[in-house]
Amino acid sequence: MNKQEFMKALRDELSKLPPEEIDEATEYFEECFAEATDGLDPEEAAAEEARLAEEFGSPKRIAAQIRADYAARILDGEQPAAASDTGRTGKLSAVWWVVIGICSAPIALPLVIVLIAMIFVVIACIIGGVIGGAAAVVAGLIHLSAAPASGVMITGIGLMILSGALAAGYGAIVGIIALGRSLSEKSKQKAENERKEAEINEESK
């Protein structure tokens, strides 16, 4: 893989990020290629670019780490939500980017499938709880005039279900955010270890 192929693949993988984030992320690699090939003739420069691209590793893996870091900065309040995330702000935007990072990360496919299935199950339970609780509240209010005791009981049950569903929704968001932080830290630690290992290998040559 040469420089052009590497940079195109990386930009394609980062296409969902804001343009300024893509430019900032790719600028580092552009500078690395420029420094490595400075003063070399075209043939030597091409060989050095291929060596450097191989040393960097998969653009898909690099992009997953960059997306995880972007999500972590949103979670920590260091990065505002992307302007293109219409309808998603604050923590919800962070959750969106965490999910994107997890689904595109180079991890085992079964883990991704299980994680997505769990998210859908949680969402379905929360929606069902909200709808069921709201329906019970309405039914209880309707019965208040005819059977006050039953109406109060049904309304109370509905409010309990509704509050439980809302609490579960909040807990799910907090859990996904915590998972995003954990994955981001692990991803950054792994990238740092790989960078140090690459520097050691380079020095030993």
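Biologist: What share of the 205 residues in the protein chain is buried?

Modeller: Buried residues make up 32% of the chain. Keep in mind that this is a predicted model.

Biologist: Good to know. How many helices and strands are there?

Modeller: The chain has 7 helices and 0 strands. Reading from the N terminus, the elements go α-α-α-α-α-α-α.

Biologist: And of the contacts between residues at least 6 apart in sequence, what share joins residues at least 24 apart?

Modeller: That share is 59%.

Biologist: Before I zoom in, what is the mean pLDDT?

Modeller: The mean pLDDT of the chain is 75, with 64% of the residues at 70 or more.

Biologist: Which elements have the lowest and the highest mean pLDDT?

Modeller: Helix 5, residues 90-104, has the lowest mean at 55, while helix 1 has the highest at 91.

Biologist: Where does pLDDT stay under 50?

Modeller: Over residues 83-92, and the model has 11 contacts beyond four places in sequence for that stretch. Where pLDDT is low, the predicted coordinates should not be read in detail.

Biologist: What other ring does Phe-6 pair with?

Modeller: Phe-6 also forms a tilted aromatic pair with Phe-56, at 5.5 Å centre to centre and 35 degrees between the planes. That pair ties helix 1, where Phe-6 sits, to helix 3, where Phe-56 sits, and the two residues are 50 apart. Phe-56 has a relative accessible area of 14%, so Phe-56 is buried.

Biologist: Which residues do the ring pairs link into a cluster?

Modeller: The cluster holds Phe-6, Tyr-28, Phe-29, Phe-33 and Phe-56.

Biologist: You brought up helix 3. How far does that helix reach from its first C-alpha to its last?

Modeller: Helix 3 covers residues 42-56, which is 15 residues, and reaches 21 Å, close to the 21 Å expected at 1.5 Å a residue.

Biologist: Which of the residues in helix 3 are buried?

Modeller: The buried ones are Ala-45, Glu-48, Glu-49, Leu-52, Ala-53 and Phe-56. They span an arc of only 135 degrees around the axis, so they lie on the same side of helix 3.

Biologist: What is exposed on the other side of helix 3?

Modeller: Glu-43 and Glu-54 are exposed there.

Biologist: And the ends? What caps the N-terminal end of helix 3?

Modeller: Asp-41 does, with a side-chain oxygen 3.1 Å from the backbone nitrogen of Glu-43. Just after the helix, Gly-57 takes a positive phi of about 95 degrees.

Biologist: Nice. Now Thr-37: which residues is it in contact with, leaving aside neighbours within four places in sequence?

Modeller: Thr-37 is in contact with Ala-45, Glu-48 and Glu-49, which are among the buried residues of helix 3. Thr-37 itself is found in helix 2. Its relative accessible area is 16%, so Thr-37 is buried.

Biologist: Switching topic, where does Ile-126 lie?

Modeller: Ile-126 lies in helix 6, residues 109-143. Its relative accessibility is 17%, so Ile-126 counts as buried.

Biologist: Which residues does Ile-126 touch, not counting those up to four places away in sequence?

Modeller: Ile-126 touches Ala-165, Ala-168, Gly-169 and Ala-172.

Biologist: Is Leu-166 buried or exposed?

Modeller: Leu-166 counts as exposed, because its relative accessibility is 53% and the exposed class starts over 50%.

Note on methods: Residues are numbered from 1 along each chain as its sequence is written. This is a predicted model: local features need pLDDT of at least 70, side-chain atom pairs count only at pLDDT 80 or more; totals for chains, interfaces and linings use all residues. Side-chain values use heavy atoms; hydrogens and water are left out. Helices (H or I, at least four residues) and strands (E, at least two) are DSSP runs, numbered from the N terminus. The expected span of a helix is 1.5 Å times one less than its number of residues. Buried means under 20% relative accessible area, exposed over 50%, partly exposed in between (1.4 Å probe, protein chains only). The arc is that of the directions from the helix axis to the C-beta atoms. A polar contact is a pair of N or O atoms within 3.5 Å; within protein, one must be able to donate a hydrogen and the other to accept it, and residues adjacent in sequence count only if both atoms are side-chain atoms. Rings of Phe, Tyr and Trp (its six-membered ring) pair if their centres lie within 6.5 Å; planes under 30 degrees apart count as stacked, over 60 as edge-to-face and the rest as tilted. Contact means heavy atoms within 4.5 Å. pLDDT is the predictor's confidence in each residue, from 0 to 100.
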